[in-house]
Amino acid sequence: MKLLVYSAKDFEIPFLNNANNKIHKVTYTTDALNSETAIQAVGHMAVSIFSGDDASSLVLEKLSDLGVRYISLRSAGYNNVHLKTAHKFGIKVANVPEYSPYSIAEHAVAQLQALNRKIILADRQVHAYNFLQSNLMGFDLNKKTVGIVGTGKIGSVMAKIMNGFGCKILANDLKPDYRLVQQYDLTYTSLDELCKQSDIISLHIPLSQESYYLIDKQKLALMKPGVVLINTARGALVETKALINALEKKAIGGYCTDVYEKEIGSFFKDNSKDGIKDTQLIKLLSFPNVLLTPHQGFITKEALTNIAEVTFENLNSWEEGKPSNNELVLETISS
């Protein structure tokens, strides 16, 4: 079938081409899907989108009118797709439920240590031939209490890694995995208790109506003054305005994130010449104890290989008239 890949990145195209194996006729566009770019899908039966694309009701209606019948997500999260509308118009949607939990968990730990041990500051200093050490103080991870919110595939890997550092691990999940209790001496507790007791908190849950602004003013107020909060999941898990307030008051020790609440408009493009207009993002980036990366946690060879393969597995199933194993059917819809 004819496929249009929105938000195509140069680094992922070779992986997608290899996974396609010349089966489908693929067109790539660097444009994100939105109400204006939907017209590009004319003549295509399928589109593939990323987490920064807009698949809201209006856009889906336009895609349906253009003859699009399939959407293959190149991400696990699907909060950017209005699934009820997709179902209404008979558009089948499938995601990549897991691609490499190690890529995300390892990135979270890399961010933690880069912020904690002042790696970026130290690198900047020595490149300016400044070899002073006075402002490079960090802390040992050993014996620290780490709170992991969400113990699915990624959270489980995070627990494994932090256990290796000799940390005490607290966890919170709607569906506890008690195997982790035995493997990593992990303790499940309430979110409030996790916030109160943890030196480090790492978020590994999907974004939903229930988890939107999970970390708000009240939860931030429960945290230790020196806590490091890590978010490699979804930006809107954390209320940015409340976070900025906590950072200004020095109520938390630092924030590491690979995501942002309002990525559309700033992320996934080079703004170095024109700058950005998002005042909250500008403010967030002004704090020396904030480390933000541009949604790059999935960018490993292993993850990109898996994403590409599952993307085309979904399309191959539909081409053969079969439901995809990763199809987001009506029962999965919660919004």
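Helix α4 (residues 101–116) comprises 16 residues and spans 23 Å between its first and last C-alpha atoms, close to the 22 Å expected at 1.5 Å a residue; the expected span is 1.5 Å times one less than the number of residues. Helices (H or I, at least four residues) and strands (E, at least two) are DSSP runs numbered from the N terminus. The model is predicted, with local features requiring pLDDT of at least 70 and side-chain atom pairs counted only at pLDDT 80 or more, whereas totals for chains, interfaces and linings use all residues. Residues are numbered from 1 along each chain as its sequence is written, and side-chain values use heavy atoms, with hydrogens and water left out.

Helix α4 is mostly covered, 12 of its 16 residues being buried (under 20% relative accessible area; exposed is over 50% and partly exposed in between, with a 1.4 Å probe and protein chains only). Among the buried residues are Pro101, Ile104, His107, Gln111, Leu115 and Asn116. Lysine 118, which follows α4, has a positive phi near 55 degrees.

Positive phi values also occur elsewhere. Asparagine 21, a residue other than glycine, has phi near 55 degrees and lies in the loop between α1 (13–20) and β2 (25–28); its relative accessible area of 58% makes asparagine 21 exposed. Aspartate 185 likewise has a positive phi near 55 degrees. This aspartate 185 is located in the loop between α7 and β8 and is exposed, at 63% relative accessible area.

An open sheet is formed by seven strands in the order β8-β7-β6-β9-β10-β11-β12, with parallel pairing; two strands pair if DSSP finds at least two bridges between them. Strands β8 (187–188) and β12 (290–292) are the edges, each pairing on one side only. Within the sheet, β6 (residues 145–149) and β9 (residues 200–203) pair in the parallel sense over four bridges, and valine 149 has leucine 203 in β9 as its bridge partner. Helix α6 (residues 153–164) lies across β6, β7 (168–172), β9 and β10 (228–231), and runs at about 170 degrees to β6. Axes are lines fitted to C-alpha atoms, for helices over the stretch in contact, and angles run from 0 to 180 degrees between N-to-C directions.

Eight aromatic pairs are found in the whole structure; rings of Phe, Tyr and Trp (its six-membered ring) pair if their centres lie within 6.5 Å, and planes under 30 degrees apart count as stacked, over 60 as edge-to-face and the rest as tilted. The rings of phenylalanine 50 and phenylalanine 298 form a tilted pair, with centres 5.1 Å apart and planes at 45 degrees. This pair links distant parts of the chain, 248 residues apart: phenylalanine 50 lies in the loop between β3 (46–49) and α2 (57–65), and phenylalanine 298 in the loop between β12 and α12. Phenylalanine 50 is buried at 6% relative accessible area, as is phenylalanine 298 at 9%.

Glutamate 327 is situated in the segment after α12 (301–319) and counts as buried, at 16% relative accessibility. Its side chain makes a polar contact of 2.8 Å with that of tryptophan 318 (a pair of N or O atoms within 3.5 Å; within protein, one must be able to donate a hydrogen and the other to accept it, and residues adjacent in sequence count only if both atoms are side-chain atoms). Leaving aside neighbours within four places in sequence, glutamate 327 is in contact (heavy atoms within 4.5 Å) with Lys92, Val93, Ala94 and Trp318.
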